[in-house]
Amino acid sequence: FSIESRLRTALAQGDLTLAYQPLIQLQTGEITGFEALARWNDPDLGNVSPCEFIAVAEESGLITPLGRWAAYEAAQALSRWDAKFGQALPVGINVNLSPIQMARDDVASMFEEALRYSGVSGKRLTVELTESAIIADPDKARKLLVALKDLQMPIAMDDFGTGYSNLASLHSLPIDILKIDRSFVSTMLEDKDKQAIVRTILSLAESLNLHVTAEGIETQELAHALQSMGCGHGQGFYFARPMPENEAFDYWRARW
Ligand code: G
Ligand code: G
Ligand code: MN
Ligand code: NA
């Protein structure tokens, strides 16, 4: 069987899961949310890398049901956490949106339905999209982002710095958060050029009133350096790896 047909079966049978990686406010150490990352453990193939199966999903059209599943699953996780805690948790979840799905589907309706189904506020579901999604079709991107803002959903630019950002579009589109790509962050202490790029992104974000999350923080030294440079939020193995839904809830509850 091809990976594609296995993925189709896995989706239909509910064999995909979301893992949740904490997003940390660097100044206080507070957990402000989690990024949801798709995981697939196949009985024969073992753990298939998301880079691989997301690419297969994009090529095969399975990205439509996969993206819908991820949106519903993340919204439902929030609702399950709220039920366990007895009230709404002061955290949100970030979901990744494929540029291929964005070009094809009515993604705003998909999120609206997921939010309605789960009864959670759009304020708690952040969409992460990459610069390539905007370059491909700027008019369509604008309409989608405006529709997501109508749902009160925050919007994050993922992998920021690696694409071809039009700085004017950063200013004119309703973007709330820049996620600095880990290729700049992880070696920033040894590589002055990368550190200069990180500083530039931080200063750009400050001027445009955007929040910033630094990705790929693997050491305490890096967390401290970013905090002292004025970076608001961070994510990375130093804080925690992506973890299953119940573990993520326990992780949050032990620290809030
Ligand atoms: O979890 P990991 O860092 O290995 O993820 C690898 C890549 O797969 C990342 O670029 C991430 O954005 C992408 N990815 C993970 N989960 C999802 C998902 O649910 N939807 C989409 N579109 N991409 C995802
Ligand atoms: O492209 P995106 O930003 O969605 O990718 C998220 C990916 O980054 C996930 O696969 C996640 O496992 C990975 N990741 C998260 N934190 C770290 C880190 O500190 N170091 C490394 N190498 N990868 C990380
Ligand atoms: Mn992401
Ligand atoms: Na990234």
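Trainee: How many residues of the shell around ligand 1 are nonpolar, polar and charged?

Mentor: The classes come first: Ala, Val, Leu, Ile, Met, Phe, Trp, Tyr, Cys and Pro count as nonpolar, Asp, Glu, Lys and Arg as charged, and the others, Gly among them, as polar. On that basis, the shell around ligand 1 holds 8 nonpolar residues, 2 polar and no charged. This is a predicted model, in which local features need pLDDT of at least 70, side-chain atom pairs count only at pLDDT 80 or more, and totals for chains, interfaces and linings use all residues. Residues are numbered from 1 along each chain as its sequence is written, while chains are lettered from A and ligands numbered from 1 in the order in which they are written.

Trainee: Which residues surround ligand 1, and which element supplies the largest share of the shell?

Mentor: A residue is near a molecule or strand if its C-beta atom, placed from the backbone, lies within 6 Å of it. Ligand 1 is surrounded by Leu37, Ala38, Pro50, Cys51, Ile54, Ala70, Asn96, Leu97, Ser98 and Pro242. Elements are DSSP runs numbered from the N terminus, helices being H or I with at least four residues and strands E with at least two. Helix 2 (residues 50-60) gives the largest share of this shell, 3 residues. Strand 2 (31-42) and helix 2 each supply at least two.

Trainee: Which residues come nearest to ligand 2?

Mentor: Asp158, Gly216, Glu218, Gly236 and Phe237 come nearest, out of 14 residues around ligand 2. By class, the shell of ligand 2 has 4 nonpolar, 5 polar and 5 charged residues.

Trainee: How is strand pairing read, and with which strands does strand 2 pair?

Mentor: Two strands pair if DSSP finds at least two bridges between them. Strand 1 (residues 16-25) pairs with strand 2 in the antiparallel sense over 9 bridges, and Leu23 stands opposite Gly33 there. These two strands form a hairpin with 5 residues between them, and Gly29 in the turn has a positive phi of about 80 degrees. Strand 2 also runs antiparallel to strand 3 (residues 46-48), joined by 3 bridges; Trp40 faces Val48 in that pair, and 3 residues lie between the two strands of this hairpin. With strand 4 (residues 92-96), strand 2 pairs in the parallel sense over 3 bridges, where Gly33 has Gly92 as its bridge partner.

Trainee: Are the faces of strand 7 covered or open?

Mentor: In a regular strand the side chains alternate between the two faces of the sheet. A residue is buried if 20 or more other C-beta atoms lie within 10 Å of its own, exposed if 12 or fewer, and partly exposed in between, with C-beta atoms placed from the backbone. In strand 7 (residues 177-180) both faces are covered: Ile177 and Lys179 on one side, and Leu178 and Ile180 on the other, are all buried. Strand 7 pairs in parallel with strand 6 (residues 155-160) over 3 bridges, with Phe160 opposite Ile180. From strand 6 the chain crosses through helix 8 (residues 167-172) to strand 7, and this β-α-β crossover is right-handed; that is, with the strands pointing away from the viewer, the path from the first strand over the helix to the second runs clockwise. Strand 8 (residues 211-214) runs parallel to strand 7 and is joined to it by 4 bridges, Ile177 standing opposite His211.

Trainee: Why does Gln152 count as exposed, and what is its phi?

Mentor: Most residues other than glycine have a negative phi, and most peptide bonds are trans. Gln152, in the loop between helix 7 (138-150) and strand 6, has a positive phi of about 70 degrees although it is not a glycine. Gln152 counts as exposed because it has 12 C-beta neighbours inside 10 Å.

Trainee: How confident is the predictor?

Mentor: pLDDT is the predictor's confidence in each residue, from 0 to 100. The chain has a mean pLDDT of 96, and 100% of its residues reach 70 or more. For the complex, the predictor gives an ipTM of 0.97 and a pTM of 0.97.
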